[in-house]
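Please keep the sequence and the structure in view while reading.

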Amino acid sequence: MTGPHTGAGAGPEGGPSATGDSAWGDGAVARAVREGLLASPKRLPPWLLYDDAGSALFDEITRLPEYYLTRTEHAILGENADAIIEAAGPPLSLVELGAGSATKTRFLIEAAIRAQERVLYVPVDVSKGALTSAEQHLAGVAGLTLCPVVARYPDELGWLAAAPGRRLVMFLGSNIGNYEPREAAALLGAVSAELRPGDSMLVGADLRKDPAIVLPAYDDAAGVSERFNLNLLERINRELGGQFDARLFRHVARWNDAASRVELYLESRVRQAVAVRRLGITARFEAGELMHMENSYKLTLPGLEALFRGAGLEPTRTFTDARGWFAVQHGRRR
Ligand code: AVI
């Protein structure tokens, strides 16, 4: 599992399933860190980046001048909200995987309320903190019933069946780009398998473009991307008794053209040995050694449509910005 928000889920019927600050139990974090630090080459799975501190830093990233993704997707959703709801076919329940603070979804919620007066919105996220800010953000929206779920996916999506009526399942923010292609296909396939004919999906994806535009979004001048990346070392210190000195690591963002992805690493500035007390291990780094943290794939429009078709979803409408930097794809369950 390499996507940012993956794993087992809880049901909308039961409301939030609070297990600490996220849906990942301590055991899962410890296992992933142990496995990643002992692997060769070292690699930590990106879902670990999103504890409450990491989610707050990611929110900061979305407001950076270099991080065009969120702004561009917002503009697309703002301009096309009514058309998207129309394409999905109201009356609808809205389900959002990896909802975060739900800022990006407000346009769609409001458009659904315009079309059908009331809407059930089920934001799903691994971070309880993110869902709390979603609730704050949407407080007072007339006609909205909110049913937040702390959950992971795609392992258990069975609860989706409990969402009433025709469902529009949203996976926005280019989260799909953090999955390996085969995992992205498996995720869409798993969601699609839980849908009924007539239900649909809406996926936001960052598109392939000049790396001179892409790379600064992952290596910003203010250093927020670096803090986001280094926070994972601090998380290991906080939760697992790690002895990482974040100053001895450097954030590295690289464009891999053949794979059409940004690769994010932490590079050890020196030769060092780092103990993680609660795991009973010591990770040894060479000077210049790279530890892989995350990939962010940049898709093409044909690639995005193929992903939908492979999951049994018929692409119906594609919404993009004038520069063709970002796409919001709608597709219906066959
Ligand atoms: C969550 N996801 C879409 C972000 C991205 O753009 O791939 C994650 C991210 N990592 C560093 N900066 C942003």
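## Cavities

Rolling a probe the size of a water molecule over the atoms shows where empty space is left. The search uses a 1 Å grid over the protein atoms alone, and a cavity is a set of points where a 1.4 Å probe fits but cannot get out. By this rule there are two cavities of 30 Å³ or more. A volume is the space filled by probe spheres set on the points, which are joined across faces, edges and corners.

The volume of the largest cavity is about 200 Å³. Its lining (residues with an atom within 4 Å of a point) comprises 20 residues, and Phe 58, Tyr 67, Tyr 218, Phe 228 and Glu 294 are the closest to the centre. Two or more lining residues come from each of α2, α8 (224-240) and β11; helices (H or I, at least four residues) and strands (E, at least two) are DSSP runs, numbered from the N terminus.

## Basis of the model

The model is predicted: local features need pLDDT of at least 70, side-chain atom pairs count only at pLDDT 80 or more, and totals for chains, interfaces and linings use all residues. Residues are numbered from 1 along each chain as its sequence is written, and side-chain values use heavy atoms, with hydrogens and water left out.

## The ligand

Around the ligand are 14 residues, of which Tyr 67, Asn 178, Tyr 218, Glu 294 and Ser 296 are the closest; a residue counts if one of its heavy atoms lies within 4 Å. Both α2 and β11 (290-297) supply at least two residues of this shell.

Polar contacts are pairs of N or O atoms within 3.5 Å. A polar side-chain atom of Tyr 67 is 2.5 Å from an oxygen atom of the ligand, and an N or O atom in the side chain of Tyr 218 also lies 2.5 Å from a ligand oxygen atom. For Asn 178, a side-chain N or O atom is 2.8 Å from a nitrogen atom of the ligand. Taken alone, the ligand exposes 340 Å², and the protein buries 99% of that; these areas come from the Shrake-Rupley method with a 1.4 Å probe.

Terms used: A polar contact is a pair of N or O atoms within 3.5 Å; within protein, one must be able to donate a hydrogen and the other to accept it, and residues adjacent in sequence count only if both atoms are side-chain atoms. On a 1 Å grid over the protein atoms alone, a cavity is a set of points where a 1.4 Å probe fits but cannot get out, and a pocket is an open set with protein on both sides within 12 Å along at least five of seven lines; lining residues have an atom within 4 Å of a point.
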